[in-house]
Structure formats: structure tokens, C-alpha cells
Amino acid sequence: MNDLDLIIDLHRNAERQGPGGDDETRLAVTLSGLGAAKGLKIADIGCGSGAPTLVLAQALDASVTAVDFIPEFLQQLEIVAAQAGLGDRIETLAGSMDALPFEEDSLDAIWSEGAIYSMGFANGIKAWRRFLKPGGILAVSELTWLTHERPAELQQHWMQEYPEVDTASAKMAILEENGYSPVGYFPLPPRCWLENYYRPMQARFSEFLSRNGNSEAAAAIVAAEENEIALYERYADFVGYGFYIAKRS
Ligand code: SAH
């Protein structure tokens, strides 16, 4: 297996592929003001196996197109959506977030939890804006510095891994500069990282390693994740995901 196949293997049966929480998705829905609208068209970009997609389809009168470039995650979402009786509200689309097939001005909301980093926050919000109806909602979670200053070790790690990491005020300025009005922001609580994402992942490590013959490549993936987890545990006061809700202006 190559590295991508290994990463798929580690994450495909997980409930979520990134930090997040159902309550936090619902909080973002509340802040979005979409609650009472009927017949919404929503895209969930980088949906993974669709933990946020399911909440959107439950909480809103909406049809949700769930997009990811890993078909194995979409297959998992289809199974869970059918079990939850939400199959008729959720459509999956295998494709890349930087080449979306939506029509201009066609979506009431674009949702993306823990995924926009893949094309970069600024690139993503610029590229996706045209798919939103005027007044449409963008809701994304994005790696965010929680304080003005932070320990050097943490700074160095994330500047290497994701140089676009920045404070909430800087992210909001990028939204404003690119034709969005911020309508809400909150940082995800540590529970969304630890209980909902890292702990379940750690519980899968030993089976993942034995399933893959304890290969060097599999061990390297586990070591990198353990390193990131230890860093998060040390510095959860300084870094996290910010959830940004903004309106196309
Ligand atoms: N939103 C989900 C998954 C977050 S993990 C959740 O909150 O649980 C990030 C997801 O983005 C992964 O499923 C990954 O396959 C997807 N992804 C990363 N880069 C992508 C790209 N360029 N195009 C489409 N999907 C992408």
C-alpha cells in the first residue's frame, strides 16, 4: 500500500476524519441563520464519511451534495445516511474541491469542516464564492491561533505543516477582503479534538499496524499522528480549529 492507501485505511471506518462535533455543527447552523428556510441547496466540501453532512441533512430542510476525492469515504457516508433514513437528502460526489462542478449562484450554503486547508483558506474561499447565491452562507473550520503569541515549538511545527495558520482576526480580514461578511466565529472546544477525533484514532492504531504487517510506512504514519497529538495536548490553549460563518456580500 502507498501512503494515501494507508491513510484511507486508517480513517475509512472512523466516524469523523477531522476534529469536530455534532453540537458544534449545530451551533454553526444556528449562527448561519439558515434554520427556517425551506428547500436549501448545500454543498459539504471535503465531507469525509460525512459526520457534519448527516447533521446538516437532519437539522435543515435541505438537499446536501457531499463532495470528497476519496470514494471509500463517500461509500461509508452512503451506508450511514441510508441507515439514518437520510439517503434521499444526501447525494455524494467524488471530485476535487479545486474543480467543483456547481453552477454559479446556485448554492444557499457551502459547508467545509477541517478540509479547506487542502487548497488553502484564501484560495478556497475565493474559488467557492461564485457558487453561492448572493447572501449565501459559507461555514468552514480552519486551523487558528487562539492567542496573539505562542510557544516557539508550536509555532515552528504549524508554520512548517500549514503556513496559512493565523489568528481569527486575520482570517476574518481575509473573508472581508474577498467579498464575505463574517456573521459568526467560535473556536472548537478541545473535546472535538481529543474525544471525537484523536482518541478514537489512537484506539485504531494497533489493528491498523497489524493489518498492514507492521510496515515501516504504517509505523511512520502512526508516529506522525502521535507527535501531532502530543503537541495538541501540550498546547490546546494556543491552537485549534476556528469555525467561521460568513455571508456572501
Ligand atoms: N469534513 C469531514 C472530514 C474532514 S477531513 C469531517 O469533519 O469529519 C478532510 C477531508 O477532506 C478528507 O475526507 C479528505 O479526503 C478531503 N479532501 C482533502 N483534500 C481534498 C480535495 N482536494 N478535494 C476533495 N476532498 C479533499
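Colleague: Which element supplies the largest share of the lining of the second largest pocket?

Modeller: A pocket is an open set of points on a 1 Å grid over the protein atoms alone, with protein on both sides within 12 Å along at least five of seven lines; lining residues have an atom within 4 Å of a point. Helices (H or I, at least four residues) and strands (E, at least two) are DSSP runs, numbered from the N terminus. Here the largest share comes from α3, with four residues; α3 and α4 each supply at least two. The model is predicted: local features need pLDDT of at least 70, side-chain atom pairs count only at pLDDT 80 or more, and totals for chains, interfaces and linings use all residues. Residues are numbered from 1 along each chain as its sequence is written, and side-chain values use heavy atoms, with hydrogens and water left out.

Colleague: How many residues line the second largest pocket, and which lie nearest its centre?

Modeller: The lining has 13 residues, and those nearest the centre are Glu15, Ser49, Ala51, Leu54 and Val80. A volume is the space filled by probe spheres set on grid points, which are joined across faces, edges and corners; for this pocket that space is about 190 Å³. For classes, Ala, Val, Leu, Ile, Met, Phe, Trp, Tyr, Cys and Pro count as nonpolar, Asp, Glu, Lys and Arg as charged, and the others, Gly among them, as polar. The lining then divides into six nonpolar, four polar and three charged residues.

Colleague: Why is helix α3 regarded as largely enclosed by the rest of the structure?

Modeller: In α3 (residues 51-59), seven of the nine residues are buried, so the helix is largely enclosed. The buried residues are Ala51, Pro52, Thr53, Leu54, Val55, Leu56 and Ala57. Their cover includes helices α2 (22-32) and α4 (71-83), together with strands β1 (40-45), β2 (62-68), β3 (90-94) and β4 (107-112).

Colleague: What is the volume of the largest pocket?

Modeller: The largest pocket has about 1200 Å³. Its lining holds 42 residues, with Gln17, Gly114, Tyr117, Tyr197 and Tyr241 closest to the centre. Two or more lining residues come from each of α1, α3, β2, α6, α8 and α9, and α9 gives the most, with five. By class, the lining has 24 nonpolar, 11 polar and seven charged residues.

Colleague: Which residues are closest to the ligand?

Modeller: A residue is near a molecule if one of its heavy atoms lies within 4 Å of it. Of the 18 residues around the ligand, Gly46, Asp68, Met97, Glu113 and Ser118 are the closest. A polar contact is a pair of N or O atoms within 3.5 Å. A polar side-chain atom of Ser118 is 2.7 Å from a ligand nitrogen atom. A polar backbone atom of Met97 lies 2.9 Å from a nitrogen atom of the ligand, and a backbone N or O atom of Phe69 is 3.3 Å from a ligand nitrogen.

Colleague: Is His11 buried or exposed?

Modeller: His11 counts as buried because its relative accessibility is 7%. This residue belongs to helix α1 (residues 3-11). Contact means heavy atoms within 4.5 Å; beyond four places in sequence, His11 touches Gln17, Phe73, Tyr197, Met201, Arg204 and Glu225. Arg204, in helix α8, is in turn in contact with Leu10, His11 and Ala14, its neighbours within four places being set aside.

Colleague: Where is Asp105 placed?

Modeller: Asp105 lies in the loop between β3 and β4. Though not a glycine, Asp105 has a positive phi of about 55°, and at 39% relative accessibility it counts as partly exposed. Asn214, in the loop between α8 and α9, also is not a glycine and has a positive phi, near 50°. Asn214 is exposed, with a relative accessible area of 56%.

Methods
Buried < 20%, exposed > 50% of the residue type's maximum accessible area, 1.4 Å probe, protein only. Polar contact = N/O pair within 3.5 Å; in protein donor to acceptor, adjacent residues only side chain to side chain. 1 Å grid on protein atoms, 1.4 Å probe; cavity = no way out; pocket = protein on both sides within 12 Å on 5 of 7 lines; lining within 4 Å.
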